[in-house]
Amino acid sequence: MPKYSLKLYVIGRSPRSQLAIANLEALMRAIGGEGHDHEVVDILENPELAEQERLLATPTLIKAAPGPSVRVIGDLSDTKAVAEALGLELAAGHGRG
Amino acid sequence: MDQGKQISSVAKVPTGITGFDAIANGGLPALRTTLVAGTAGSAKTLFACQFLAEGILQFGETGVFVTFEESPTDIRRNTLGFNWDIETWEAEGKWVFVDASIQHGDQEIAAIGHYDLGALLARIEHAINRVDAKRVSLDSLGAIFSRFHDSNLIRSELLRIAVTLKRRQVTTVMTAERNREYGDIARYGVEEFVSDNVVILRNVLEEEKRRRTIEVLKFRGAYHQKGEYPLTILPGQGVTVIPLSAIELRQRSSEVRISSGVEQIDDMCGGGFFRDSIILVSGATGTGKTLIVTHFLSGGAAADERCMVFAFEESREQLFRNASGWGIDFAEMERDGRLMVVCNYPEVMGLEDHLVSMRAAINTFRPNRVAIDSLSALERISTVRGFREFVISLTSFIKHQEIAGLFTSTTPTLLGGTSVTEAHISTITDSIILLRYAEIDGEMRRGMTVLKMRGSSHDKNIREFTIDQHGMHIGEPFRNVSGILAGNPTMSAGEEPGSKPARILE
């Protein structure tokens, strides 16, 4: 089971940010297991991080590891689709309903 | 007064792009977004770069360049030919890139659920904060539409960015693509959200020649020149717009002569003024400039011409009283529809607005001759450059109507001297008449000379003239006196100025 490192970039504490954060938590539960690492970055507090990653849209979720960096944008409302786009393996029992 | 303020409520930011500010009547609307639209290869990116570069070079204003299409590396390299050292400006904190271009290896990004361009906006704001930017360029909007599928969302997000930039007190240029030279303003319906101010760049194949033009399509609530103006791209300079007024001035003048209203002045000019010429009358206060204007108008009316005067120094009552003091009845001329007197204080509005209202008045009244008394009164409400552009535009407009224009200019000193007005417009005018005081034998006398008469021979003498209840009387040339024009008359020994023996020499 790979150990994922995920970073979610949001703008402040808007309803859309809150929703994306909640959906990230759900994603982490769906992945399950131990040793994963996820982080929420508020761009208003760290605009230079948005510059570094050359972000345009928010929310943006970046899979920093393992492997090449991959990103999706949006409020992550569809856990399965997010996992598919980022190439994440979900724990058994998830993704079928 | 209120009206004047209202008209000029939209301040302008000079771009510093040669010629553009002339056709834009001062520059881009300040603290607003202007859409610069053009087909591929129409110099949109160059315009966007130059807006920032001239801001740095000419006005000490810092800028943020948001690039959606070309990479900052490409832009730095492509602009070296214009002597813009963007890399150094970046190091000095004068120029910041917000790189939103597609990099090699960037993959299409999946969108899952709702999103917005908050990250881009945060980066732009961060960049503005970093260098305290006054100018922002976004180049070009089409590229961002191609990266996101939801065009409606991108449109509303770009509107949000425009609103934020306005709040941040910056002046913004957004470029956008057009499919055709004549048709929709821009692709993706961009004009729907930044429609207040639109500039169009064109690159048209015309008679087997590439012709670049620029057109200010609209500035909401602000004046600008209408129509397409030629544009060139010069190495070391970038975009240069050629205001047509400068070209028109080189056009051949009419050979038809008109009377100045004073026979002797006509004689001095070799038979009168040319019909579509610009005449500058310069002199100190009280030398008789307004009198020459009055004669010019009554001479026109006598020839059954329609005459118009814009007076910026004296009230209507004063002008009419002056005229009747010289035996000329302005009221009667006005009743007959041969005269229109427009009195205004220079300060009631900006120079561009004066120009626009004067043009409108001329277009409405359709005069054969126009006088402005005095042009130098308008000097004080503008910069030297703005004033010169005003004069160029006004002059070309008047010439274009094939009418004669007589401008007066007040010199700052009583004896000799030239005004700023003269220094800046003498090359534009066709004829120059100088009126000077000459102190001779403890007496103030008046002298007149025709300094310049384009396309004609003229009297080179400095002639003495007097003013009485019948107006102006021009006499003999001053003899044995020199230095009148310089304001320092000195007499040759043994001779009286203008005396009989002197005339034997003729």
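## Where the two chains meet

Across the interface of chain A and chain B, 17 residue pairs are in polar contact, both partners having pLDDT 80 or more. A polar contact here is a pair of N or O atoms within 3.5 Å; within protein, one must be able to donate a hydrogen and the other to accept it, and residues adjacent in sequence count only if both atoms are side-chain atoms. On the side of chain A that touches chain B, the elements giving two or more residues are α2 (47–52), β4 (70–73) and α3 of chain A. The largest share, 4 residues, comes from α2(A). Sorted by class, this side of chain A has 14 nonpolar, 3 polar and 7 charged residues. For these classes, Ala, Val, Leu, Ile, Met, Phe, Trp, Tyr, Cys and Pro count as nonpolar, Asp, Glu, Lys and Arg as charged, and the others, Gly among them, as polar.

Before going on, a word on how to read this: the model is predicted, local features need pLDDT of at least 70, side-chain atom pairs count only at pLDDT 80 or more, and totals for chains, interfaces and linings use all residues. Residues are numbered from 1 along each chain as its sequence is written, chains are lettered from A and ligands numbered from 1 in the order in which they are written, and side-chain values use heavy atoms, with hydrogens and water left out.

## The size of the interface

The size of an interface is often given as the accessible area lost when the parts come together. Between chain A and chain B, about 2000 Å² is buried, and carbon and sulfur atoms give 59% of that. This buried area is the accessible area (1.4 Å probe) that two parts lose on being put together, summed over both. In chain A, the residues that lose the most area to chain B are A:Arg54, A:Leu56 and A:Ile73, together 39% of what that side buries. The contact (heavy atoms within 4.5 Å) takes 24 residues from chain A and 26 residues from chain B.

A:Ile73 also has a place in strand pairing, where it stands opposite B:Ala111 in β6(B). Here β4(A) and strand β6 (residues 110–111) of chain B run parallel, joined by 2 bridges. Two strands pair if DSSP finds at least two bridges between them.

## A closer look at chain A

Chain A holds 3 helices and 4 strands, and along its sequence they follow the pattern β-α-β-α-β-β-α. Helices (H or I, at least four residues) and strands (E, at least two) are DSSP runs, numbered from the N terminus. Of the 97 residues of chain A, 45% count as buried; buried means under 20% relative accessible area, exposed over 50%, and partly exposed in between (1.4 Å probe, protein chains only).

A:Leu90 sits in the segment after α3 (79–86) of chain A. Is A:Leu90 buried or partly exposed? A:Leu90 counts as partly exposed because its relative accessibility is 24%. A:Leu90 and A:Arg29 are 61 residues apart in sequence, and their C-alpha atoms are 8.9 Å apart in space.

## Salt bridges

A salt bridge is a side-chain nitrogen of Lys or Arg within 4 Å of a carboxyl oxygen of Asp or Glu. Over all chains the structure holds 23 salt bridges, and the count between chain A and chain B is 3. B:Asp116 and A:Arg16 meet in a salt bridge of 3.0 Å, N to O.

The closest N and O atoms of the salt bridge between B:Arg202 and B:Glu215 are 2.8 Å apart. B:Arg202 lies in strand β9 (residues 197–206) and B:Glu215 in strand β10 (residues 209–219) of chain B, so the pair ties together parts that are 13 residues apart in sequence. Both B:Arg202 and B:Glu215 are buried.

## An enclosed strand in chain B

Strand β3 (residues 33–38) of chain B is largely enclosed by the rest of the structure, because 6 of its 6 residues are buried. In a regular strand the side chains alternate between the two faces of the sheet. In β3(B) both faces are covered: B:Thr33, B:Leu35 and B:Ala37 are buried on one side, and B:Thr34, B:Val36 and B:Gly38 on the other. β3(B) runs parallel to strand β8 (residues 171–177) of chain B, with 6 bridges joining them. In this pairing B:Thr34 stands opposite B:Val173.
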